[in-house]
Amino acid sequence: MSSSFVPLVEEYRGGVLENVHYGAVTVVDETGKVIYQAGNPEHMTFLRSAAKPFQALPGMKRQIDELYGLTGKEAALFAASHRGESFHIDALESILTKMDVSESTLHCCSTYPLNEQAKAERHQNHEAPRRLFHNCSGKHLGLIGLSKHMGWNTETYYQLDHPVQQEIIESLAYLAEVPASSIPVGIDGCGLPVHALPLHKIALVYLKLACPDLIADADTRAAAARIAKLMNENPDMIADTKFVCSALLKDSNLSAKGGAKGVYGIGLRKERLGISLKVSDGSEQVWPCIIATILEKLGYSDRSTIDRLYELVPNVIVNDGGTVVGERKPVFSL
């Protein structure tokens with residue numbers, strides 16, 4: 001186990017320790033100073049889909065949502081990891097029409113929805129996989145729409161040397177207060193470049209998303225405020241009706257987005273704090289336990305947000321028949 005990580009959650013069955021989820025948590029104040037930690041704040045990790053609000057910034061700077069006549073629900077999909085419910089697909093098809101873009105232009109692969117009920121419905125209707133069903137399709141449409149507006153190549157928008165990708169990395173570097181050349185780049189599951197930052201820098205960029213007054217550049221500040229507002233106003237578009245991102249975004253005090261392999265970023269507006277976490281085994285099931293515990297330890301005032309997290313994934317463990325067989329315990333301190 002990496003020295004960056006500490007035990008975050010223990011899971012017991014019949015009183016016997018069955019699983020331990022290791023990871024790291026970082027909390028920064030409005031100056032970017034680490035004020036609480038569990039594990040190493042310098043641990044470098046890819047943001048994965050937690051990068052989506054920042055990947056949407058170039059488009060928000062040009063107000064492409066207004067340019068194409070998009071609704072708030074449609075524009076929110078630029079920062080979403082939608083799970084393919086019917087209302088997501090309806091909005092995505094509307095974006096295709098308004099942008100006059102072919103679905104085949106999207107670089108993400110054809111797949112089925114992540115939401116199990118939505119996936120079952122598509123199978124029952126004998127529908128083939130589609131690129132729009134991919135959870136990143138909204139992000140891709142945002143980048144295609146911006147490229148079309150700017151006269152950039154819409155077929156190569158996913159390549160690292162494309163202007164839209166260069167703007168993304170420059171925006172992320174600016175918010176994280178690091179040189180763009182210092183940001184490691186990989187390839188995400190959807191085929192786009194994906195960026196890595198230390199956990200304390202992920203906390204910092206989420207702080208700025210929640211508190212854009214901390215951003216000096218006026219265009220970037222306005223863009224961050226626009227995408228953050230869209231996310232809070234349309235929380236179910238960001239994931240789905242039963243997922244942690246949407247549950248958190250129902251709280252207007254929070255900016256929040258998770259990514260694959262256990263990474264999460266949260267900004268708190270009133271408290272002016274940034275939070276990041278990484279579960280080392282990549283588990284998303286323990287996100288609610290960890291995030292609720294962090295909020296409790298910080299004395300967060302909105303209990304309904306914490307309760308929503310526990311409703312999603314209770315700390316009691318049940319078997320397939322609904323019988324309580326164990327419990328999940330947070331074991332970290334800040």
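Okay, ground rules. Since the model is predicted, local features need pLDDT of at least 70 and side-chain atom pairs count only at pLDDT 80 or more, while totals for chains, interfaces and linings use all residues. Numbering runs from 1 along each chain as its sequence is written, and side-chain values use heavy atoms, with hydrogens and water left out.

Let's start with the cores. By nonpolar core I mean a set of buried Ala, Val, Leu, Ile, Met, Phe, Trp, Tyr and Cys residues joined through side-chain atoms within 4.5 Å. Buried is under 20% relative accessible area, exposed is over 50%, and partly exposed is in between, with a 1.4 Å probe and protein chains only. The largest core has 96 residues, and Tyr264, Ile290 and Ile291 touch the most other members. Apart from that one lies another core, of 6 residues, including Val28, Ala203, Leu204 and Ala210. Take Ile290: if you skip its neighbours within four places in sequence, Ile290 contacts (heavy atoms within 4.5 Å) Leu8, Val9, Val25, Leu277, Val279 and Phe332.

Now, helix 7, residues 137-150. Helices here are DSSP runs of H or I, at least four residues, strands are runs of E, at least two, and both are numbered from the N terminus. Helix 7 has 14 residues and reaches 20 Å from its first C-alpha to its last, close to the expected 20 Å; the expected span is 1.5 Å times one less than the number of residues. Of its 14 residues, 11 are buried, so helix 7 is largely enclosed by the rest of the structure. Those buried residues pack against helix 1 (52-55), helix 2 (57-61), helix 3 (64-67), helix 5 (86-99) and helix 8.

From the helix 5 side, look at Met99. With 1% relative accessibility, Met99 counts as buried. Not counting residues up to four places away in sequence, Met99 touches Tyr68, Leu70, Phe78, Leu141, Gly145 and Lys148. Leu70 is 29 residues from Met99 in sequence, and their C-alphas are 9.2 Å apart.

So where is the empty space? Rolling a probe the size of a water molecule over the atoms shows where it is left. A cavity, on a 1 Å grid over the protein atoms alone, is a set of points where a 1.4 Å probe fits but cannot get out, and lining residues have an atom within 4 Å of a point. There is 1 cavity of 30 Å³ or more, and the largest cavity holds about 50 Å³, where volume is the space filled by probe spheres set on the points. Its lining is Gln55, Ala56, Gly59, Phe78, Lys139, Gly142, Leu143 and Leu146. Helix 7 gives the most to that lining, with 4 residues.

Gln63 has phi near 55 degrees and sits in the loop between helix 2 and helix 3. At 35% relative accessibility, Gln63 counts as partly exposed. Glu177 has phi near 60 degrees, in the loop between helix 8 and strand 5 (185-187). Its relative accessible area is 53%, so Glu177 is exposed.

Methods
1 Å grid on protein atoms, 1.4 Å probe; cavity = no way out; pocket = protein on both sides within 12 Å on 5 of 7 lines; lining within 4 Å.
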